[in-house]
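Please open the model in a viewer and keep the selection tool at hand. The tour below moves from one selection to the next and says what is found at each stop.

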Amino acid sequence: MKTRFVLINTSHAGNVGAAARAMKVMGFDDLVLVAPRWPNVLRKEETIQRASGALDVLEKARVVATLDEALDGMSHLCATAMTPRDFGPPTVEPRVHFEALLKQERLALAASAPEAKNAPNPADGGKAGGEAAPAGQTGVAFLFGCERFGMTNEDVYRCHAALSIPTNPRFGSLNLGAAIQVIAYDWRQALGGFGVQDATPARVQADAAQVAGMLGHWEQALTSIGFLDPAAPKKLMPRLNQLFNRAQLTPEEIHILRGVAKAMIETAQAKR
């Protein structure tokens with residue numbers, strides 16, 4: 001589904017940059033500004049700095065004079081309004097609304113699939129090839145009002161839903177960039193999300209031969225310091241074997257443990 005973020009009458013250039021950054025990290029790049037305070041806001045230094053590298057989003061962004069221009073091609077409109085209205089679209093939590101919206105989209109796409117088109121249609125006397133169900137949404141737009149007053153009632157009334165981010169009931173004031181980040185994150189998660197990137201390489205586990213060699217080295221070291229009696233070893237080494245198996249040692253860790261064993265043996269020999 002096409003996704004567009006629409007900022008209406010934005011007054012702070014930094015917030016435009018923050019919006020671009022919030023969108024880019026969630027994989028969105030369609031940004032439209034409706035009559036911002038600064039006509040050249042996309043090129044202002046503060047905007048570029050707050051974008052923190054999301055310059056491609058700024059380069060693609062458009063500035064338009066009216067909301068009608070901004071909503072061209074969008075079929076589902078979501079207002080973002082913290083102040084309750086006594087009239088207008090239903091106020092919903094973003095995640096709940098996104099789940100319902102995507103469910104509706106999937107049903108529409110399934111109904112318009114080729115196999116669905118060729119299935120017998122009871123309304124058409126059981127004949128195949130009846131009129132296809134309407135296609136899904138052509139695009140979703142998230143609307144954000146100006147920093148000081150939010151969205152006007154007239155703009156909210158045009159929308160299908162008014163998204164309300166669940167916040168502390170005593171303090172629900174969100175910066176524009178932060179609000180966009182939350183909505184972008186919830187929408188991306190609803191669409192499937194991104195996988196978490198490991199900060200460190202995947203662990204490579206030592207093989208059985210490496211563990212056995214290290215245990216033999218440790219057995220020699222423990223004997224040299226008098227901790228292990230070879231004549232009555234009991235279950236010390238099997239227990240150490242289980243301990244190291246649970247640790248899932250890497251080859252590097254095996255090397256460290258063998259270094260410890262070597263130092264134990266050398267120290268014991270030096271004291272004789």
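Two strands count as paired here if DSSP finds at least two bridges between them. The model in the viewer is a predicted one.

**The whole chain**

Viewed along the principal axes, the C-alpha atoms fill a box of roughly 90 × 60 × 40 Å. The radius of gyration is 31 Å, whereas a compact globule of 272 residues would have one near 19 Å. Of the 272 residues, 38% are buried. The accessible surface comes to about 16400 Å², and carbon and sulfur atoms account for 54% of that surface. Among contacts between residues at least 6 apart in sequence, 82% join residues at least 24 apart.

**The sheet**

Next, select the strands. They form an open sheet of seven strands in the order β3-β2-β1-β6-β4-β7-β5, with parallel pairing. β3 (62–64) and β5 (91–92) stand at the edges and have a single partner strand each, so one side of each lacks a neighbour in the sheet.

Now select β6 (139–144). How many of its residues are buried? Six of its six residues are, and the strand is thus described as mostly covered. Gly139, Ala141 and Leu143 point one way from β6, while Val140, Phe142 and Phe144 point the other way; all of them are buried.

β1 pairs with β6 in the parallel sense over six bridges, and Lys2 has Gly139 in β6 as its bridge partner. β1 is also joined to β2 by four bridges, again in parallel. Along that pairing, Val6 stands opposite Val32 in β2.

Select Asp30, which lies in the loop between α1 (13–25) and β2 (31–34). Is this residue buried or exposed? Its relative accessibility is 17%, and because buried means under 20%, Asp30 counts as buried. Show the side chains of Asp30 and Arg4: a polar contact of 2.9 Å joins them. Apart from neighbours within four places in sequence, Asp30 is in contact with Thr3, Arg4, Phe5 and Met23.

**Helix α8**

Finally, select residues 176–191, which make up helix α8. At 1.5 Å a residue, its 16 residues should span 22 Å, and this agrees with the 22 Å between its end C-alpha atoms. At the start of α8, a side-chain oxygen of Asn175 reaches to within 2.7 Å of the backbone nitrogen of Gly177. Just after the helix, Gly192 takes a positive phi of about 130 degrees.

Colour the buried residues of α8: Leu176, Gly177, Ala179, Ile180, Ile183, Ala184, Asp186, Trp187 and Arg188. An α-helix has 3.6 residues a turn, so residues three or four places apart point the same way.

Notes:
Residues numbered from 1 in each chain as written. Predicted model: local features only at pLDDT ≥ 70, side-chain atom pairs only at ≥ 80, totals over all residues. Heavy atoms only, no water. Helix = DSSP H or I, 4+ residues; strand = E, 2+ residues; numbered from the N terminus. Buried < 20%, exposed > 50% of the residue type's maximum accessible area, 1.4 Å probe, protein only. Polar contact = N/O pair within 3.5 Å; in protein donor to acceptor, adjacent residues only side chain to side chain. Contact = heavy atoms within 4.5 Å. Expected span 1.5 Å × (residues − 1). Rg over C-alpha atoms; globule rule 2.2 N^0.38 Å. Areas by Shrake-Rupley, 256 points an atom, 1.4 Å probe, with all protein chains shown as cover.
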